[in-house]
Amino acid sequence: MTIRAGLLGLGKIARDQHLPAIEKTAGIELVAVASRNAQGEGVNNYPDLDAMLAGEGDLDAVILCQPPQVRYAAARQALLAGKHVFLEKPPGATVSEVDALVTLAKAQGVTLYASWHSRYAAAVAQAKAWIAERAVRSIDIQWREDVRHWHPGQPWIWEPGGFGVFDPGINALSILTEIVPEPVTLLSAELDVPENKQAPIGAALRMATASGAAIDAVFDWRQTGPQTWDIAVETEQGSLLLSEGGNMLRLDGEVQMKAPDEEYPAMYRRFVDLVAGGAIDVDLAPLRLVADAFLCGRHCPTATFED
Ligand code: NAP
């Protein structure tokens, strides 16, 4: 069976990644787009989800690419209509709403997929296997990028529920919680919130593994010049560096792998398999750590920021 999918929110990530990834994935085809201000090529177009569900009687799945603040209502509506649902990251603006979606998906007997694209970066699986055989001493995460370059014209990202610097930071946390075989807990956090914004531009997190290894993370949106997406792991038996967002791996300083970004095609293959197996894949670990940082973090007002 080929999944007939409709995509909601034709914006940056939908155009950059979802459309080309769907195109190259067997078992799924895009038949419709619902977006208020954009039109997809070669598909039926609708202004919103209501119209798409009404117009596409035999739609199997809905892919949600809007900002997180509006994801819950759309996901709920799609699940209630009996559709399989693919959630962009983060899967929601709150933990409780994603929990509610899982309950609803189970009741409806449909697939719910909370995608974490960074977990599909080329070197993540190898890093996970290497760490599984070693005792972790400490982990250092540096996720530094230029918000003006990556998020121009996206006011939602600075609003409540937009996550601020945790929008990229949650990608690091999704890799962390994938490669570390123990639960990770948050110890403390500092959140730099510009005086004219509702969400942090910088964050420093102290975390720990269940067996006590220290994990430090710095997320910063004020980085100009070279961008940094690194996770360094020190173990009793050597060191590992995942860089380029998980697409490059060094072990004890030696490059083991450097591969192009193929995260979204891998996610669509996963989605096709989940639908075929009638399964749900929702891991809330990255979102819980972000929620904990907002719950426990010390708020440090910083200079106003013009994006
Ligand atoms: P975006 O381009 O700003 O938004 C996507 C689309 O959603 C917009 O084009 C808009 O389409 C619709 N939309 C925007 N605000 C809305 C609102 N308040 N209510 C309803 N619809 C709204 O954002 P994006 O960069 O694609 O990010 C979308 C999601 O993908 C986020 O959760 C983000 O974390 C995730 N993501 C982004 C990237 C990236 O590189 N940008 C990478 C990975 C994941 P219409 O106006 O046409 O309806």
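A polar contact is a pair of N or O atoms within 3.5 Å; within protein, one atom must be able to donate a hydrogen and the other to accept it, and residues adjacent in sequence count only if both atoms are side-chain atoms. The model is predicted, with local features requiring pLDDT of at least 70 and side-chain atom pairs pLDDT 80 or more, while totals for chains, interfaces and linings use all residues. Residues are numbered from 1 along each chain as its sequence is written, and side-chain values use heavy atoms, without hydrogens and water.

An oxygen atom of the ligand lies 2.8 Å from a polar backbone atom of Arg36. For Ile13, a polar backbone atom is likewise 2.8 Å from a ligand oxygen. The side chain of Asn37 places an N or O atom 2.7 Å from an oxygen of the ligand. The protein covers 82% of the 870 Å² of accessible area that the ligand has on its own (Shrake-Rupley method, 1.4 Å probe).

Aromatic rings were paired next. Rings of Phe, Tyr and Trp (its six-membered ring) pair if their centres lie within 6.5 Å; planes under 30 degrees apart are stacked, over 60 edge-to-face, the rest tilted. The count is 9 aromatic pairs. The pair Trp150 and Trp229 is edge-to-face, because the ring centres are 5.7 Å apart and the planes stand at 70 degrees. Trp150 belongs to helix α6 (residues 147–150) and Trp229 to strand β11 (residues 228–235), 79 residues apart. Helices (H or I, at least four residues) and strands (E, at least two) are DSSP runs, numbered from the N terminus. One aromatic cluster comprises Phe86, Tyr113, Tyr268 and Phe271.
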